[in-house]
Amino acid sequence: MNKAVIIYASLHHGNTRKLVEAISDKYEIDIIDASEHQHADLSEYDLIGFASGIDFGNFYDSVKQFLENNLPYGKRVFFLYTCAKVSHRFTEKIKAAALEKDAIVSGEYGCKGFNTYGPWKFIGGMNKNHPSEDEISSAISFFSSLL
């Protein structure tokens, strides 16, 4: 099996952390919380994931900065995200940052996450019960397809 790691930030409800931990539990890969650690030697990894909740249409700054500061050139990468409404546009900026490091982009997986940002807080949030068990299983299947 390829040696893999996922760098993530999951700031509000732990939506993204649920995906990352489910994958880590199944495949015993390394995980790094970018909101707590901003430096790591990624040279020994064959497959590097970047995972985040979505903030104003983008991955969290801590994840993008981690990529910019630590991703070695020419590595295989993938992206995971949780959000209010899934859109492939959410990976555009972080994907561009990875491509500047000559990364090989292997894919992306996004799903809904519980959201209480802004006005959603007043009505109890949106996307309750997300990510669902099916979405978590799909994230695991997505990761499996990359191996």
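1. The expected span of a helix is 1.5 Å times one less than its number of residues. In this predicted model, helix α4 (residues 133-146) has 14 residues and should therefore span 20 Å; its end C-alpha atoms lie 20 Å apart, in agreement with that value.

2. Helix α4 buries Glu-135, Ile-136, Ala-139, Ile-140, Phe-142, Phe-143 and Leu-146. These residues cover an arc of only 155° around the axis, which places them on the same side of α4. The face turned away from that buried side carries the exposed residues Glu-133, Asp-134 and Ser-145. The cover over the buried residues of α4 includes β1 (4-9), α1 (15-27), β3 (47-55), β5 (76-83) and β6 (104-112).

3. In helix α2 (residues 61-70), the buried residues are Ser-62, Val-63, Phe-66, Leu-67 and Asn-70. Viewed down the axis of α2, they fall within an arc of 140° and so line one face of the helix. Exposed Asp-61 and Asn-69 sit on the face turned away from the buried side. Among the elements covering the buried residues of α2 are β1, β2 (30-33), β3, β4 (58-59), β5 and α3 (92-99).

4. Strand β1 has six of its six residues buried. In a regular strand, side chains alternate between the two faces of the sheet. Both faces of β1 are covered, with Ala-4, Ile-6 and Tyr-8 buried on one side and Val-5, Ile-7 and Ala-9 buried on the other.

5. As to pairing, β1 runs parallel to β3, joined by six bridges, and Ala-9 has Ser-52 of β3 as its bridge partner. β1 also pairs with β2 in the parallel sense, over four bridges; here Tyr-8 stands opposite Asp-33 of β2.

Definitions and conventions:
Residues are numbered from 1 along each chain as its sequence is written. This is a predicted model: local features need pLDDT of at least 70, side-chain atom pairs count only at pLDDT 80 or more; totals for chains, interfaces and linings use all residues. Side-chain values use heavy atoms; hydrogens and water are left out. Helices (H or I, at least four residues) and strands (E, at least two) are DSSP runs, numbered from the N terminus. Buried means under 20% relative accessible area, exposed over 50%, partly exposed in between (1.4 Å probe, protein chains only). The arc is that of the directions from the helix axis to the C-beta atoms. Contact means heavy atoms within 4.5 Å. Two strands pair if DSSP finds at least two bridges between them.
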